Amino acid sequence: MSEAIYTLEATVRSDKGTGASRRLRHDKQVPAIIYGADKEPQNLALSHNKVWLAQENEGFYSHILTLVIDGAKEEVILKDMQRHPWKNQVLHLDFQRVDAKHKLHTKVPVHFVGEEAAIKKGGVITHVVNELEITCLPKNLPEFIEVNVADMEVGQTLHISEITLPAGVESVELTKGESHDNAVVTLHAPKGAAAADEDSEEAADAE
């Protein structure tokens with residue numbers, strides 16, 4: 001993905017309220033807010049066309065973005081996006097300022113690799129989660145977390161604790177204790193095969 005996608009021009013807006021936001025959207029702009037890093041929140045406006053192009057890329061949701069606000073650069077991450085329920089329209093964006101010395105608390109997508117090898121063993125892959133909640137310093141923020149399932153056996157489930165996280169990255173769930181070591185992916189037997197196994201066991205028991 002081009003670095004240009006991670007850089008968006010923004011302008012400070014003084015008008016607030018529903019009416020002001022409606023006018024911005026009519027002018028093909030997206031109302032937004034930026035907050036954090038012990039600074040006052042700022043109301044912004046961005047080009048809808050450029051936001052729409054950027055949001056079609058997965059990295060937009062986990063990458064550190066650069067907002068050029070009236071010429072001044074500010075590093076941020078996307079915290080929330082509101083979309084229209086049926087139109088191809090972004091209604092509002094929330095950005096959080098990035099401070100190099102403070103950890104981020106965010107979610108990143110999970111990419112599963114090696115699925116073909118796992119499926120050849122006769123199992124069916126089920127993604128229990130498609131993103132993980134993490135904390136890390138901005139310099140360690142991964143665009144995604146890769147999970148290799150090639151060595152999984154039928155009936156096996158991989159949990160968060162069994163996933164290799166990048167250096168400096170910590171799972172939020174695991175910090176809450178062992179009971180939060182949630183499943184990430186499962187390789188289970190097809191339903192038909194499981195039923196056949198049960199029938200075989202019942203037949204054996206009857207003999």
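These are my notes on what I looked up, entry by entry.

**Ground rules.** I am working with a predicted model, where local features need pLDDT of at least 70, side-chain atom pairs count only at pLDDT 80 or more, and totals for chains, interfaces and linings use all residues. Residues are numbered from 1 along each chain as its sequence is written, and side-chain values use heavy atoms, with hydrogens and water left out.

**Cores.** I looked for nonpolar cores (buried Ala, Val, Leu, Ile, Met, Phe, Trp, Tyr and Cys residues joined through side-chain atoms within 4.5 Å; buried means under 20% relative accessible area, exposed over 50%, partly exposed in between, with a 1.4 Å probe and protein chains only). The largest has 24 residues, and Phe112 and Val147 are among those with the most contacts inside it. Strand E7 gives the most to this core, four residues. A second, separate core of 21 residues includes Phe60 and Ile69.

**Strand E10.** Four bridges join E10 to E7, residues 104-113, and the two run parallel; strands pair if DSSP finds at least two bridges between them. Asn148 is the bridge partner of Val113.

**Aromatic rings.** How many aromatic pairs does a search of the whole structure find? I found one. The ring centres of Phe60 and Tyr61 are 5.7 Å apart with planes at 85 degrees, so the pair is edge-to-face (centres within 6.5 Å; planes under 30 degrees apart are stacked, over 60 edge-to-face, the rest tilted). Phe60 is buried at 0% relative accessibility, whereas Tyr61 is partly exposed at 29%.

Technical notes: Phe/Tyr/Trp six-rings, centres within 6.5 Å; stacked < 30°, edge-to-face > 60°.
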